[in-house]
Amino acid sequence: MSRIHVSTTINGDDVDYLCEAGDTLLDVLRDQLDLTGSKEGCASGDCGACTVRLDGRLVCACLVLGAEAEGRSVETIEGMAEGEELHPLQRNFINKAALQCGICTPGILVAAKDLLERNPDPTEEEVRYWLAGNLCRCTGYDKIIRTVLETAAEMRGAA
Amino acid sequence: MAKDEFQSRQFKVVGTRVPRPDGLDKVTGRARYGADMTAPGMLFGFCLRSPHAHARIRAIDTSAAEAMKGVKAVVTRADFTVTPQDQGTRDILDNVMAGAKALYDGHTVAAVAATSRSVALAALKAIKVDYEVLPHVTDVDEAMKPEAPVLHEGRQQESVPEGYSQNVLARSQYGHGDVEAGFAKADLIVERSFKTAATHQGYIEPHACLASMGNDGQGDLWCCTQGHYMVRNTCSAIMGMEAGRLKVTASEIGGGFGGKTTVFLEPVALMLSKKSGKPVKMTMAREEVLRASGPTASTSIDIKIGMTKDGKITAAQGDFRYQNGCFYAMNGALGAMCGFAPYHLENVETVGWEVVTNRPKAAAYRAPGAPMAAFAVESVIDEMAKELGLDPIELRLKNAADEGTKSAYGPTYPAIGLKATLEAAKAHPHWSAPLGPNQGRGVACGFWFNFGGDTCVSLMINPDGTVSLSEGNPDIGGSRASMSMMAAEELGIPYEQVRTVIADTATLGQNEVTDGSRVTFAVGLATIKAARHAIEIMKARAAQLWGIAPEAVEWVDGAAQPAGPNAGKFPPMTLKEIAETASNTGGPIAGHFEVNAEGAGVSFGTHIADTEVDPETGAVKVLRYTVFQDAGKAVHPDYVEGQLQGGAVQGIGWALNEEYIYGEDGTLQNAGYLDYRIPVASDLPMIDPVILEIPNPGHPYGVRGVGETGIVPPLATLANAVSRAAGVRLTSLPMSPPKVLAAIKAKG
Ligand code: FES
Ligand code: FES
């Protein structure tokens, strides 16, 4: 099968890859680039475990073709920490027990970071609706929602 | 052994909220789950699945698939030439690769390994299966009728009376006293029937594994599982190899809830690897997860309770009919045992039925069998409380089981925490908060056995005084942190000084699956005992250096010291100091402990929920939710709370939305997260967890398992809340908007 050559930017680095026409961005990230932090829970856009940012917009990587990343910029969970320095959401997810099994965590962190960049002071309801596309089966969401709200307060300097 | 038993103490580490050791990997995407592993030269494996609910497989032609470029192996049942000795393992083999018949929509009939995903998927299409479609049955009551299509001949146990279909595999009975005499004393008798739909565990991580079989007869397997020893034992039996030749490593696990206590892909991947001579990776798509793994039983239950005017139960009876999918499981028996377990009853009789249908083989789901039974029993109790004008918590307190109660399933309880959860619920502001129009409040209790089982732990004192702890149970929600905490507590050292890892099957002895809420209890117990073992050795080393008897040394705050003035005058010797000199005092120091842990300590919880029902649409909104549960001792309170919250929300999904929907043709109609809808963040309020601590007499720190009980009360709690809000009793789950609306309309 002939393959498509793609030049893109992932977490700030230039990356080239070859993919089949039917490969999703999630397939490419996971199977070719070994960026397995983005998870596949459904491959149909229903669980959010594969959430990444494409040119600054949240997308399900399972609903984007690998070929569509040409010339664009992809941000994944692997790029969230600045070197050794965790993002406050990452730090607080650990300290406030906002994960149990952790399979939903990368997608939720990417989505929550995007929320706080757009809206530094969200209400509980806004957080709940923003994250409604990210399924978590372990936590009942309580500690996740609290941690996002508390991190927002901390980042605003209010806590 | 007296030492095993609970002793009250001041904790330093246990009960704190420390960061978990695997946290960094999990927030940065570094953690490796089932599908995140690769091997050089790896092939991609996929299953071909039956599109029919019930069909005889006349022939399978794999020649076209085998001839395709890049296809390295095709397997069917014909490749599995070994017949496992026990029926349970034979059922598992029949489930992972269909034999003479496909028994459900999604049943694997063949599998392919190829050099790429796209080639493998194309090869599946090239396999020709000649099916003879047979009549099917998916409903439990239908399957019990003598005229129902039969799945298996000759598997019915002697416990089943005449007149039932061969689909009824077993009947079990529990109870004591004389129910007829009890009903004769009742002022009020209520008899109701209930139905619950099958639901899926819904873990976000689909099943995945990477198998490598060499032609030297040795194998390696990486997989997401709740028990890699179970995987090793099951797969080696199916492959006809000695257990010691198969090494299984548990990946990080993305949720299980009971659904990963068996195997699905693993034996198939091993066979594909054996046949191709290459490592084979297999992952399930979500659709396959729903069609062919899990789910739980669907049920049909009759409950009859007699009560005096002042709310004393005089007799209780239950008939629990569970369909377990296409093979035997004991969910009906578990339901029959659990339903009335919260109550002190003079006269009780329950019957459990195990029925097979053309659905995937049921897997455990968090307190398997219990939530549906509690739904039925607690609904009737709520209805009777309403009818008699009694407070539902008071009524439960009046009948609540306590220490010394002979349980409905037989044993007599030691110290238990049911009354404590009810008292806490009664005193909580939630119970007395005002309600608005169309709102209703429900309360219900739940019970789960908890379990101990085979457990091994090794605890190494490293030369620099750090401690490495090896345990054999996958960490599904923070158990590595809990083990490090208990080791640190017992050794008297900081939490950060201990690192806990999950050993592979070749590194540590047999460990029971992560199930039955057993890990914090049983692995914790073994950890404490392994630490005590290491302490004994360290005391002996100090004694040797001091030239005194080992009995004259005691262990205090992480150091050996002479026990009393007569033992001699030596400054305390810390764990670190003993570790650094270990090489000169006899060699490396390690403690270990192996046990079949008993004394798990039964668990109870009480939940309160407020709901609002939209009378126009039948939609239900959960407004407020509070969980009260006895944890014995909460080792890491954050993760105990997480278990209570997660269990409650799974129960909310089961009560309100989740449902396996089968079409006329017996195929699953909603095999995706869009149509099989689990609760999302915007559906829910905060879930308020209240932890009670009534020490378990069978654990040194008083720990009880907490993982499962949280899912037992919510079905009933929600049903009671919705019934009170809607003014009509809901008896069928899920309480989806059309059902609630129909019930409201029917009452007029
Ligand atoms: S895997 Fe992309 S949304 Fe589920
Ligand atoms: S922590 Fe397991 S799915 Fe969210």
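Leaving aside neighbours within four places in sequence, A:T8 is in contact (heavy atoms within 4.5 Å) with A:D13, A:D14, A:V15, A:Y17, A:A69, A:G71, A:R72 and A:V74. This is a predicted model, where local features need pLDDT of at least 70 and side-chain atom pairs count only at pLDDT 80 or more, while totals for chains, interfaces and linings use all residues. Residues are numbered from 1 along each chain as its sequence is written, chains are lettered from A and ligands numbered from 1 in the order in which they are written, and side-chain values use heavy atoms, with hydrogens and water left out.

A:T8 sits in strand β1 of chain A, residues 4–10; strands here are DSSP runs (E, at least two residues), numbered from the N terminus. A:T8 counts as buried because its relative accessibility is 4%, the cut-off for buried being under 20% relative accessible area with a 1.4 Å probe, protein chains only.

Zooming out, chain A is split into domain 1 (4–79) and domain 2 (88–156), with bounds from an automatic or database domain assignment. Each of the two domains puts 15 residues into the contact. Taken over C-alpha atoms, the centres of domain 1 and domain 2 of chain A are 22 Å apart.

Together the two domains of chain A bury about 1,100 Å², 57% of it on carbon and sulfur atoms; buried area is the accessible area (1.4 Å probe) that two parts lose on being put together, summed over both. On the domain 1 side, A:R53, A:L58 and A:I77 supply 44% of the area buried against domain 2, more than any other three residues.

A:R53 turns up again in a salt bridge with A:E117, side chain to side chain, at 2.8 Å from N to O. The rule for a salt bridge (a side-chain nitrogen of Lys or Arg within 4 Å of a carboxyl oxygen of Asp or Glu) finds two across the interface of domain 1 and domain 2 of chain A.

Which elements give two or more residues to the side of domain 1 of chain A that touches domain 2? They are β3 (51–54) and β4 (57–60) of chain A. β3(A) gives the most to that side, with three residues.

Terms used
Helix = DSSP H or I, 4+ residues; strand = E, 2+ residues; numbered from the N terminus. Buried < 20%, exposed > 50% of the residue type's maximum accessible area, 1.4 Å probe, protein only.
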